[in-house]
Amino acid sequence: MNKKNHELATTNNPQIDENLLFTQVAKIIERRKYCAIIHANQETTMMFWEVGQYINSVILNSKRATMVKRF
């Protein structure tokens with residue numbers, strides 16, 4: 001956020017631009033929502049990887065599964 005927009009929203013100036021204030025607040029909210037989505041996606045990916053690792057270690061003793069040909 002640039003300094004000019006921040007000053008408009010924080011001074012005691014009775015001429016606050018409400019549209020600018022709303023736009024800046026909306027940008028902050030959208031940016032944080034986007035960050036939360038990325039973080040949740042990363043954690044979900046790591047969860048599935050960890051589950052796969054655990055299953056592999058218990059069932060396959062950390063070895064690769066053999067390929068089964070079905071014709």
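Visitor: Where is Asn-61 found?

Guide: Asn-61 is found in the segment after α2, where helices (H or I, at least four residues) and strands (E, at least two) are DSSP runs numbered from the N terminus. This is a predicted model, in which local features need pLDDT of at least 70 and side-chain atom pairs count only at pLDDT 80 or more, while totals for chains, interfaces and linings use all residues. Residues are numbered from 1 along each chain as its sequence is written, and side-chain values use heavy atoms, with hydrogens and water left out.

Visitor: How many helices and strands does the protein have?

Guide: The protein has two helices and zero strands. For the span of a helix, the expected value is 1.5 Å times one less than its number of residues. The 42 residues of α2 should therefore span 62 Å, and the end C-alpha atoms of α2 are 61 Å apart, which agrees.

Visitor: Is Asn-61 counted as buried or exposed?

Guide: Buried means under 20% relative accessible area, exposed over 50%, and partly exposed in between (1.4 Å probe, protein chains only). Asn-61 counts as exposed because its relative accessibility is 56%, and Ser-62 counts as exposed at 55%. Of the 71 residues in the protein, 4% are buried.

Visitor: How many salt bridges does a search of the whole structure find?

Guide: Side chains of opposite charge can pair when their charged atoms come close. A salt bridge is a side-chain nitrogen of Lys or Arg within 4 Å of a carboxyl oxygen of Asp or Glu, and the search of the whole structure finds one. The side chains of Lys-33 and Glu-30 meet in a salt bridge at 3.3 Å, N to O, and both residues lie in helix α2, three residues apart, about one turn of the helix. Lys-33 is partly exposed, with a relative accessible area of 45%, and Glu-30 is partly exposed at 46%.

Visitor: Which part of α2 holds Ile-55, and which residues does α2 cover?

Guide: Ile-55 has its place in helix α2, which covers residues 18-59, and Ile-55 counts as partly exposed at 43% relative accessibility.
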